[in-house]
Amino acid sequence: MDVTLLLILLFIGAVATYFSGNAIASKVALFFSVAALGVSLALLNQFSQGTDISFSAQWIKNPNVLFALKADGLSIAMVLLTTALTPLIVLSGFGNNFNNAKNFYALVLFMAFAMIGTFLASDGFVYYIFWELSLIPIYFIALIWGNGDAEARKKAVIKFFIYTFAGSLFMLAAFIYLYQKAGTFKWDVLVGLDLSATEQFWIFLAFFLAYAIKIPLIPFHTWQANVYQKAPTIGTMLLSGIMLKMGLYSVLRWQLPLAPNAAKELQYIIIGLALAGVVYGSIVALKQKDLKKLLAYSSLAHVGLIAAGCYAMNMDGLRGAVLQMIAHGFVIVGLFFAAEVIYRRYETRTISEMGGIRQQTPKFASMFMILVLASVALPGTFNFVGEFTVLYSLSTENMVFAVIGGTTIILGAFYMLRMFQHAMLGETNAKMFADVTVSEGIVFVAIIGFLLFFGLYPKPIIELITPSIQEILVHVK
Amino acid sequence: MNTLIAIAVLGVIVLLAEIFNLRKAIIPVTLAGLIATLGLTVTEFGVTESHYNNMIKVNNFTVAFSSLFIVLTIFLIALSADFYQERASKISDFVSIKLFLLAGSVSMVSFGNLAMFFLGIEVLSIALYILAGSDRLNVKSNEAGMKYFLMGSFASGIILFGIALVYGAVGSFDMDMIYEASNSATTVDWFYIGVSMITVGMLFKIATVPFHFWAPDVYEGAPTLTTATMSTLAKVTAMATFFKLNMAMNGNMKFEYELVIVIVSIASMTVGNIMALRQNNIKRMLAFSGISHAGFMVMALLNLQNATGSLFYYTAAYGLAGIAAFTVVIYVCKGKDNENIENFNGLGKRNPLMAGILTASLLSMAGIPIFSGFFAKFFLLNQVLNAGWLVLVIAGVINSMIAVYYYFKVVSAMYTKEATEEPAKVPFEFYIVAVLAIGLNIAIGLFPSALMDLF
Amino acid sequence: METILKEIGVETYLYLSALLFSIGVFGILLRRNAIVMFMSIEIMLNAVNMMLVAFSTYHQDASGQVFVFFSMAVAAAEVAVGLAILVSIFRNHGSVDIDNLKNLKG
Amino acid sequence: METSLVLLLLLAPFVGFLSNVFLGKQFGRTGSGVLGTLAVVASFIATVIFFMQVNSTKEAINIHLFDWIAMGKFSIGFDILLDQLSLLWLMFVTGIGALIHLYSISYMHDDENTHKFFSYLNLFVFFMIMLVAGSNLLIMFIGWEGVGLCSYLLIGFWYKNQDYNDAAKKAFIMNRIGDLGFLIGIFIIGYLFNTLDFVALKQAILAGNGTANLALIGTAALCLFIGASGKSAQIPLYTWLPDAMAGPTPVSALIHAATMVTAGIFMITRLNFLFELAPDVKMIIAVVGVFTALVAAAIGLVQNDIKKVLAYSTVSQLGLMFLALGLGAYEVAVFHVITHAFFKACLFLGSGSVIHALHGEQDMRNMGGLRKAMPVTFITMLISTLAISGIFPFAGFWSKDEILLTAFHGNTVLWVLGSIASIMTAFYMFRLMFLTFFGEFRGTEEQKHHLHESPALITVPLIVLAVLAAIGGAINLPGNNWLNHYLAPLFKGHEAHHLDNTAYMLMGIATVGALIGIGIAYSMYISKKQVPEADDKVQGLHKVLANKFYLDEIYMAVIVKPIYALAKFSRDYIEKGLSNIVFGFGTVADGLALQGKKMQNGNIGFYLFAFVFGLCSIVYYLFFVR
């Protein structure tokens with residue numbers, strides 16, 4: 001059994017969902033996403049027993065492209081993040097009634113397929129294809145099933161698409177350049193290339209543009225809030241929970257090993273940018289009126305910190321970044337789902353139109369509260385493990401970084417609690433707020449359970465990712 | 001060689017069928033004949049021979065491109081039955097003209113002598129003049145035909161002048177002789193002037209800046225099926241011929257010449273893409289998109305030794321995507337007095353399959369992976385970088401992102417706007433053509449080696 | 001023939017045909033009557049034909065002359081098509097001034 | 001055995017929390033209260049057992065539960081350290097915690113969310129145990145943040161009132177400012193010593209490993225102190241504590257008086273070996289401490305809300321403790337923490353009893369004469385008030401005296417300031433007593449009608465605490481110094497003060513000072529029967545004090561408002577601007593397209609001209625340039 005099985009399964013899942021008809025599409029999608037989770041766990045088991053689950057075959061002879069999927073700890077961790085979140089994301093859609101559900105869920109599965117491919121690919125070209133491929137479904141998901149005024153939505157979505165596409169094209173150019181040097185796209189060979197300082201600089205920049213837009217770092221983030229707001233919540237979850245991580249993962253997997261010297265040269269500037277994003281995102285989040293936009297900016301702040309960890313380029317930074325990627329993936333999905341749960345009942349995303357919900361549904365309020373606390377990295381949640389490790393790594397680079405990055409724990413608490421206060425607390429709302437349904441409850445409980453369990457016992461994940469991070473660090477050093 | 005004869009005979013048969021009142025049989029017979037010809041052509045793969053005193057040379061390049069032309073023509077002719085429904089009495093004319101056009105195309109890629117080249121290009125062009133103006137009562141079609149004719153024959157004059165100069169310098173029309181002359185140091189300057197004039201003529205035929213002005217007007221005015229022909233078959237043919245000409249006449253290309261190609265390429269991509277942004281007529285939009293694709297295709301000239309495969313791949317990807325796109329355009333705009341994007345509103349709901357196919361073909365043109373358009377661009381850029389033109393790669397990359405905007409304008413119209421009318425019934429053959437074309441497009445995307453390794 | 005060519009020199013033919021060609025080009029650029037533009041194109045083609053003949057003689061090679069036949073045949077076909085289009089334009093517009101043909105633009 | 005007992009100690013409140021969360025409604029209001037109380041009592045019993053053991057063996061108990069976070073150069077285990085210090089703290093955390101739980105059964109009986117209250121309270125105890133018993137800085141940090149969370153939840157317990165929610169939020173954020181300092185301190189320590197474990201850290205420092213960079217150690221100490229000052233409400237981060245009185249009164253007693261706010265002192269005591277390396281930081285701590293004591297006492301002079309008075313008194317007392325810490329007298333600070341826990345908890349619970357009797361009235365101007373109606377409350381509160389004022393022989397006398405004695409030996413200025421603060425303490429505490437319990441009742445008739453002594457569940461804890469407040473000083477009487485001996489293994493040879501003449505003189509001065517304060521209060525509120533004026537009539541210094549030196553307003557104007565303004569500016573302008581830059585590319589392309597459309601004018605003549613132009617320029621470039 002190797003990792004292709006996972007890709008095949010998800011692809012078949014997407015096709016099967018498309019042909020299953022609107023009535024049962026969501027269930028078919030759920031079945032396949034759970035199956036994918038099962039397969040990925042089985043793969044994890046094999047991997048931890050030392051079985052090689054990678055795959056490689058010649059795809060195109062000229063130019064020399066291998067269809068190579070490499071599964072190391074880092075990739076598997078990211079794949080598991082995807083396969084674990086996908087069923088939850090699909091399940092979270094059970095409360096919605098989508099037009100053309102079969103198309104919708106097929107796109108969701110297809111997107112999972114593409115993202116998993118991105119995480120696994122160890123051939124630059126294949127990686128790029130999956131990277132681009134993941135853009136298509138989310139474009140349609142946001143465009144067709146999004147909310148709000150169609151024209152504004154179209155504008156936001158096309159901006160997102162062109163912007164991210166633009167960034168990745170430069171990455172493609174860099175890959176072509178590397179291919180001219182190496183005669184192959186294989187990761188092992190590319191990272192072993194001996195590039196001059198100038199070459200590294202430009203390659204670094206090309207990759208940086210792609211990732212900075214995807215992650216996003218300021219000032220390349222302007223697509224984010226609007227798309228998060230306008231996309232249907234499932235799309236937002238896919239974007240914020242997994243797709244952002246593609247950019248961060250790629251920094252670790254591709255950018256740093258390919259251009260380590262340039263990375264070191266630009267390290268301070270980029271960490272500065274990332275940390276500026278932390279502060280800026282938090283501050284902008286303070287005054288957002290729309291819940292989803294607020295969460296979008298919170299995401300900007302959090303990924304800024306993760307990015308800073310990546311560019312710290314030491315063991316703690318990279319490891320913390322990966323931990324935080326996973327933690328943030330879960331918590332942001334949970335938070336967006338909470339927003340959706342409120343929207344289903346109150347049909348609003350404007351915070352000022354909510355309030356007084358807690359009295360009506362203490363269960364939901366508690367779960368929302370835990371998610372809020374996890375997102376502000378309260379110790380005991382998984383997010384704390386990641387955030388602490390990242391901040392520590394920054395402090396070993398430069399104490400100022402840790403202080404600036406650390407403001408997230410203050411500002412994060414500021415905007416999140418403020419949001420919670422105005423959205424949930426206060427005099428009981430006159431409008432009925434139905435209690436959470438079973439499917440909603442499962443999503444919340446799964447996410448919270450994950451965050452709390454690994455908050456106390458992150459060891460399995462740390463042990464899973466450490467060897468591959470060491471391998472990356474070998475190339476970086 | 002057999003291909004050329006078979007096609008010409010097929011054209012005559014079609015004309016004869018009209019005489020014997022077998023109108024109904026024309027299209028099936030033609031399609032069967034073309035498929036047979038395709039098989040015939042493919043069997044010639046791997047053979048290198050020359051006919052008629054070196055007038056016609058057959059090699060892998062010829063066979064590959066001829067096959068592509070035949071495939072494209074099969075699609076175009078399959079669409080004819082429905083497209084010319086209202087003028088069924090003249091169906092034999094339309095079909096036979098297309099067949100002769102194909103004959104011109106094939107002779108253009110298999111020429112071994114400039115005379116053959118000239119004949120081929122004129123057969124192709126004259127057939128297109130007729131097709132462009134074929135909607136006699138339509139003012140737009142008239143205007144398109146006139147514009148194309150005037151400019152096309154002007155370009156023919158230029159090419160002819162170039163041929164004359166080359167002949168004057170070499171003393172022969174034979175390509176082998178010309179190839180030797182191009183590599184010799186003693187060749188007179190006329191030769192190069194001649195080559196440049198032929199180049200300009202060909203740049204006109206494939207519609208690159210600044211010789212592109214005819215394209216949008218003619219594409220818009222011509223009947224849509226003709227536009228499809230022009231934008232797929234004719235453009236691809238011209239490009240292949242241009243490439244072959246350069247291989248023969250520009251053995252050691254001068255840096256200045258390369259620079260001209262680079263500038264033309266960048267200008268075409270940029271102008272084509274930027275102009276397309278503001279177009280509301282999808283045919284015009286595709287015309288400008290075609291201009292930018294032409295800009296991409298001429299990149300192949302910068303790496304003549306290695307780029308044959310990439311160019312073939314690009315033309316195939318572009319041609320197939322174009323066929324798929326135009327099939328949908330013809331279906332949607334049937335009976336409409338214009339081809340504005342508003343006509344596509346709500347197509348995603350009215351006819352999801354057609355909308356999906358148009359989306360896929362536009363994505364392919366935009367260069368989004370898994371569709372072959374992406375691989376095509378990638379292979380070309382790879383060759384270009386191999387030749388050392390980093391600036392062109394960057395220009396190509398920037399242009400790719402501009403292009404996304406207008407392609408996606410159509411896509412979002414299909415999926416977000418509400419439909420204004422009931423869906424029309426889709427003729428059966430449209431489905432087949434569209435699905436086959438886009439299927440082939442994706443298939444060569446998944447297995448690029450199938451085409452890339454032909455050369 | 002040969003002697004005349006030697007006496008006059010092939011360059012002179014070249015210049016003459018280049019001149020004729022340019023006249024054709026300018027005719028096309030400057031005139032707005034479609035018929036006249038057709039004629040200008042014919043002048044261009046004939047200029048080339050003359051050049052081909054001259055070169056043919058110069059090289060003592062018949063293929064150039066054969067080429068002229070091709071080109072004349074093609075020119076005839078072209079004009080036939082062109083005139084056909086012109087006729088339908090004249091029917092629709094009532095004039096053959098190309099300045100009237102500006103519907104397709106933008 | 002040990003491990004399971006530790007787990008009992010640690011998890012009993014957590015189990016209480018879980019069962020109250022999930023099943024609390026089924027238990028009923030009393031049931032959930034009893035459950036919560038029992039959980040804490042279980043912890044208390046476990047603590048006592050450990051306390052006995054450690055007291056006799058003098059061996060710290062260190063238990064490794066599991067590995068938690070692996071860092072690049074060191075790993076952090078989920079470990080529990082039960083040594084003299086943590087057990088001492090656990091004793092009063094669980095002990096007083098149990099009493100306050102008991103008290104709450106009655107106090108919170110009428111609330112609709114009783115089970116939630118107890119679950120939060122249990123959770124708080126759990127985190128507090130974690131804070132105290134954690135064997136490394138990060139476990140301590142879990143508890144540290146966790147108690148902050150519980151504090152947030154409990155301050156905002158009546159969440160329908162957005163003002164309370166604001167107070168809760170403020171507490172959490174202010175704490176988080178300190179937490180950032182704490183974290184940075186942790187980072188530096190980790191960076192320097194490659195361990196966060198207290199034992200390993202102490203060994204490393206004593207062995208002199210990693211102590212070369214004194215400046216960095218000083219920074220770490222300073223950062224840790226910032227953390228401590230957030231949690232323990234020191235200048236400039238103290239403003240959250242008075243606002244925190246929005247929570248139910250037992251919460252104020254437990255969290256905002258007895259236990260959580262002493263976490264900062266605990267942390268500094270825990271890391272005393274580190275602070276010893278940073279004398280400058282110690283000086284800062286002492287100065288900040290004494291100024292906090294002074295400022296808070298000054299504000300306390302004019303507060304009219306009974307709980308606010310107590311809150312400022314807490315801040316002021318915490319300041320004194322920091323003074324002791326800053327002077328290196330850790331055991332003295334610990335001593336005062338313990339006595340303070342007794343009398344302050346008692347005072348808060350007493351005030352709760354009063355408020356309960358008056359149906360939520362907290363303004364002392366509307367009280368008075370409660371002495372007769374509520375004798376138990378009055379007596380217990382009086383004992384505690386005497387203790388806090390430092391009257392012989394109550395607990396506060398001994399501990400406060402030791403602080404002042406230390407200050408006197410350390411720095412006379414600090415001693416003077418500390419003494420002034422303690423005189424003010426005596427004044428405002430007796431002002432509170434006089435206004436509340438003496439004179440005529442000033443409330444409404446209806447309130448007067450319902451005046452009653454609180455039930456046994458409330459009075460029993462009061463009595464227990466009052467007894468402790470009276471005799472608690474016994475644990476460290478001069479000459480006996482049990483506490484000092486008990487804590488001796490933690491500190492580097494620190495001599496207890498001998499009872500010499502200076503000591504007696506200082507005791508005398510302190511007592512006289514306290515009596516002066518009481519006297520002034522007596523003359524103002526008993527003899528002259530003054531009642532504080534309405535808020536809008538106060539003027540001058542009084543007004544400044546009543547408005548807490550306008551510190552909240554200053555923070556609002558200097559920090560919060562600018563951040564909001566920045567947020568708005570960023571949202572409305574920077575975001576739009578950045579967005580427009582991106583769109584700008586599109587706009588430029590669009591504009592070009594518009595111009596280009598003009599060129600595509602449909603004129604064949606122009607097209608041909610362009611053609612010829614292109615031809616000519618290519619030919620010209622290729623053949624005529626050069």
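These are my notebook entries on a predicted model with several chains.

**Entry 1. Confidence**

I began with the scores of the predicted model, which are ipTM 0.90 and pTM 0.92. I then looked up chain D, for which the average pLDDT is 86. In chain D, 98% of the residues score at least 70.

**Entry 2. Chain A by itself**

I looked up the secondary structure of chain A and found 19 helices and two strands. I next took the extent of its C-alpha trace, which spans about 65 × 55 × 45 Å along the principal axes. I also asked what radius of gyration a compact globule of 477 residues would have.

**Entry 3. Which chains meet**

I asked which chains share the most contacts among the five pairs of chains in contact. The pair is chains A and D. I also looked up chain A against chain C and noted that these two do not touch. The nearest C-alpha atoms of chain A and chain C are 24 Å apart.

**Entry 4. Chain A against chain D**

I looked up the two sides of this contact: chain A gives 43 residues and chain D gives 38 residues. On the side of chain A, six helices are listed with at least two residues each: helix 7 (150-182), helix 12 (260-286), helix 14 (315-346), helix 16 (382-397), helix 17 (399-424) and helix 19 (459-476). Which helix of chain A gives the most to the side that touches chain D? I found helix 17, with 10 residues.

**Entry 5. An annotated span in chain D**

I consulted the UniProt record for chain D, an unreviewed entry. Its annotation "domain: NADH-Ubiquinone oxidoreductase (complex I) chain 5 N-terminal" covers residues 68-118. In the model, residues 68-118 of chain D are 57% helix and 22% strand. The end C-alpha atoms of this span lie 29 Å apart.

**Entry 6. Chain B against chain C**

I found 33 residues of chain B in contact with 32 residues of chain C. Helix 5 (114-132), helix 6 (139-170) and helix 9 (214-221) of chain B each supply at least two residues of the side that touches chain C. Helix 6 of chain B gives the most, with 18 residues. I sorted the side of chain B by class and noted 17 nonpolar, nine polar and seven charged residues.

**Entry 7. A helix pair within chain B**

I looked up helix 1 (residues 2-19) and helix 4 (residues 91-109) of chain B, whose axes come within 9 Å and cross at roughly 170 degrees. An angle over 145 degrees counts as roughly antiparallel, and helix 1 and helix 4 of chain B are therefore roughly antiparallel to each other. Among the residues making the contact are Leu4(B), Ile7(B) and Gly11(B) of helix 1 and Val95(B), Leu99(B) and Phe100(B) of helix 4. By class, I noted 13 nonpolar, five polar and one charged residues in this contact.

**Entry 8. Annotated spans in chain C**

I consulted UniProt for chain C, where an unreviewed entry lists residues 12-30, 35-55 and 67-90 under "transmembrane region". I checked two of these spans in the model. Residues 35-55 of chain C are 100% helix and 0% strand, and their end C-alpha atoms lie 30 Å apart. Residues 67-90 of chain C are likewise 100% helix and 0% strand, with end C-alpha atoms 34 Å apart.

Definitions and conventions: Residues numbered from 1 in each chain as written. Chains lettered and ligands numbered in written order. Predicted model: local features only at pLDDT ≥ 70, side-chain atom pairs only at ≥ 80, totals over all residues. UniProt positions renumbered as here; feature names shortened; annotations may be inferred. Helix = DSSP H or I, 4+ residues; strand = E, 2+ residues; numbered from the N terminus. Contact = placed C-beta atoms within 7 Å. pLDDT = per-residue confidence, 0-100. Axes fitted to C-alpha atoms, helices over the stretch in contact; angles between N-to-C directions. Parallel < 35°, antiparallel > 145°, perpendicular 65-115°, else oblique. Nonpolar A, V, L, I, M, F, W, Y, C, P; charged D, E, K, R; others polar. Rg over C-alpha atoms; globule rule 2.2 N^0.38 Å.
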